Amino acid sequence: MADPNILSTAKPAFDVDRIRREFPVLSQTINGKPVVYLDNAATTQKPRRVSERVFRFDTEEYGTVRRGAYRLCERSTQLYEEARKKVAAFMGTPDSSEIIFTSGTTQSINLVAYSFGKRFIQPGDEVIISNIEHHANTVPWQVVCEDRKAVLKVIPVNDRGELILEEYDKLLSGKTRIVAVNHVSNALGTVNPVKEIVRKARAAGARVLIDGAQSTPHIKLDVKDLDCDFYTFSGHKMYGPSGIGGLYARKEMLEAMPPYVTGGDMIRQVTLEKTTYAPPPMKFEAGTPPISQVIGLGEAIDYLNEIGMDKIAEYEHSLLEYGTQLLENIEGLRIIGTAREKASILSFHLDAVHPHDVVTLLDQEGIAIRGGHHCAQPTMIRFNVPATARASVSFYNKYEELDLLADSIRKIIKMFS
Ligand code: PMP
């Protein structure tokens with residue numbers, strides 16, 4: 001077991017046992033051992049109430065949205081729009097028409113890259129991303145730059161995995177149309193100084209998209225205070241259903257941008273000669289949306305609000321500090337990503353064992369973590385590793401689970417030495 005004398009983490013009061021009772025999956029065993037779920041950056045488990053809410057909606061309240069004048073449709077539409085209001089309040093905008101439902105962060109970024117690119121990016125213009133982006137915030141910009149004959153610029157990072165802001169300053173110019181960076185890096189856990197990044201971009205006349213896939217479950221948000229133009233999220237990483245997520249976008253941008261997907265529900269009028277579009281958010285929600293998933297997402301947001309994002313952040317930060325101290329004390333282990341501001345993620349590399357072997361051997365102990373490039377190959381190249389093993393915590397994790405992780409890693413290192 002870990003030597004408690006080396007650990008100096010303050011442990012805030014948090015009733016994790018009560019929380020865990022909401023998540024039946026966490027009381028299962030794997031290989032006869034209690035499951036230790038530490039892959040929360042990939043996807044989070046769902047509390048029972050989210051699935052129960054979806055079940056009740058599907059079996060008692062279900063109807064299509066926005067199309068009919070009968071009761072089930074009206075009720076369904078009302079619940080759907082209430083969920084949008086919950087998301088809007090959670091993100092920090094009073095105007096729910098600034099929230100577009102999508103299938104998640106990937107689709108949200110593709111929507112902005114395509115639609116913003118088509119309207120605002122001209123040959124010779126520049127787009128800025130960083131060296132620690134998920135492929136979802138890299139590839140769409142490569143495609144749009146190729147398409148629009150624009151230039152993609154990249155903010156480098158230091159050895160801790162922090163963006164080098166002096167280099168960012170040098171990249172920004174009157175040619176910059178948009179800056180797209182994550183709030184929290186999924187590969188390293190770095191929390192980027194997004195407020196400063198936005199302020200500088202706006203001073204240069206550029207727009208800003210923040211990839212919030214990894215921040216929305218961990219950090220209290222206020223998009224209006226951030227002053228960004230776009231902010232994305234994924235429901236399955238915030239205790240909600242998969243297949244649903246969204247995009248906050250400043251109203252003026254949604255009004256100026258052309259639609260991304262076209263068809264039913266996004267129109268004002270269609271004749272065979274010409275189509276006019278519905279106002280946002282419908283302009284960007286063509287077709288029948290994932291209605292039940294939206295209702296589930298609304299329930300997940302109620303759940304997060306009831307626990308309190310400040311409390312969640314405080315407890316998870318303490319877990320992260322505790323885990324960091326444990327791993328720092330393991331010989332032959334290198335933590336990849338040692339930014340001064342971090343959230344949730346512990347990426348590491350063992351001198352003697354490939355990350356895929358680490359993950360497979362930990363699985364035999366019932367411990368679920370991720371090994372690979374985490375859809376961030378440019379980040380792996382920057383840190384000169386083919387892949388990392390990554391443990392990522394949630395507020396339903398316990399300090400004891402991190403002890404178990406550290407002890408199991410020690411055993412693996414011993415086995416390979
Ligand atoms: N950006 C980041 C930072 C992520 O961590 C992820 C998911 N791993 C994505 C984008 C893509 O999210 P999704 O798969 O939910 O679309």
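# Helix packing, domains and backbone in a predicted model

Q: Which residues in α4 meet α5, and which residues in α5 do they meet?
A: I109, N110, V112, A113, G117 and K118 are the α4 residues. Their partners in α5 are P140, W141, V144 and R148. Contact here means heavy atoms within 4.5 Å. The model is predicted.

Q: What classes of residue make up the contact of α4 with α5?
A: By class there are 6 nonpolar, 2 polar and 2 charged residues.

Q: Why are α4 and α5 called roughly parallel?
A: The helices are α4 (residues 105–120) and α5 (residues 139–148), and they pack at an angle of about 15 degrees. Angles under 35 degrees count as roughly parallel. The pair is therefore roughly parallel. The axes of α4 and α5 lie 9 Å apart, and the crossing of α4 past α5 is right-handed.

Q: What makes α12 oblique to α14?
A: Helix α12 (residues 355–364) packs on helix α14 (residues 399–416) at an angle of about 120 degrees. Roughly perpendicular covers 65 to 115 degrees, and roughly antiparallel starts over 145. The angle of α12 with α14 falls between those ranges, so α12 is oblique to α14. Their axes are 10 Å apart. α12 passes α14 in a right-handed crossing.

Q: Which residues in α12 and α14 meet?
A: α12 brings D357, V358, L361 and L362. α14 brings L405, S408, I409, I412, M415 and F416. By class, this contact has 8 nonpolar, 1 polar and 1 charged residue. Asp counts as charged, so D357 belongs to the charged class.

Q: At what angle do α2 and α10 pack?
A: Helix α2 (residues 48–61) packs on α10 at about 145 degrees, with the axes 9 Å apart. The crossing of α2 past α10 is right-handed. From α2 the contact takes R49, V50, R53, V54, F57 and D58. From α10 it takes I291, S292, I295, G296, E299, A300, D302, Y303 and E306. By class, the α2 contact with α10 has 7 nonpolar, 2 polar and 6 charged residues.

Q: What are the bounds of domain 1 and domain 2?
A: The domain assignment gives 16–41 + 309–416 as domain 1 and 50–306 as domain 2. Their C-alpha centres lie 28 Å apart.

Q: How do you know what area domain 1 and domain 2 bury between them?
A: The accessible area lost by both parts on being put together is summed. For domain 1 and domain 2 the total is about 2800 Å², with 54% of it on carbon and sulfur atoms. In domain 1, M309, C375 and R382 lose the most area to domain 2. Together they account for 23% of what that side buries.

Q: What is the peptide bond from P280 to P281, cis or trans?
A: That bond is cis, with omega near 10 degrees. P281 sits in the loop between β12 (275–277) and α10 (291–307). Most peptide bonds are trans.

Q: How many residues apart in sequence are L171 and E126?
A: They are 45 residues apart in sequence, yet 9.2 Å apart in space, C-alpha to C-alpha. L171 is in helix α6 (residues 165–171). Leaving out residues up to four places away in sequence, L171 touches E126, I128, K153, V154, I155 and T176.

How values were computed: Residues are numbered from 1 along each chain as its sequence is written. This is a predicted model: local features need pLDDT of at least 70, side-chain atom pairs count only at pLDDT 80 or more; totals for chains, interfaces and linings use all residues. Side-chain values use heavy atoms; hydrogens and water are left out. Axes are lines fitted to C-alpha atoms, for helices over the stretch in contact, and angles run from 0 to 180 degrees between N-to-C directions. Helices (H or I, at least four residues) and strands (E, at least two) are DSSP runs, numbered from the N terminus. A crossing is left-handed if the near helix is turned anticlockwise from the far one by less than a right angle, and right-handed if clockwise. Domain bounds come from an automatic or database domain assignment. Buried area is the accessible area (1.4 Å probe) that two parts lose on being put together, summed over both.
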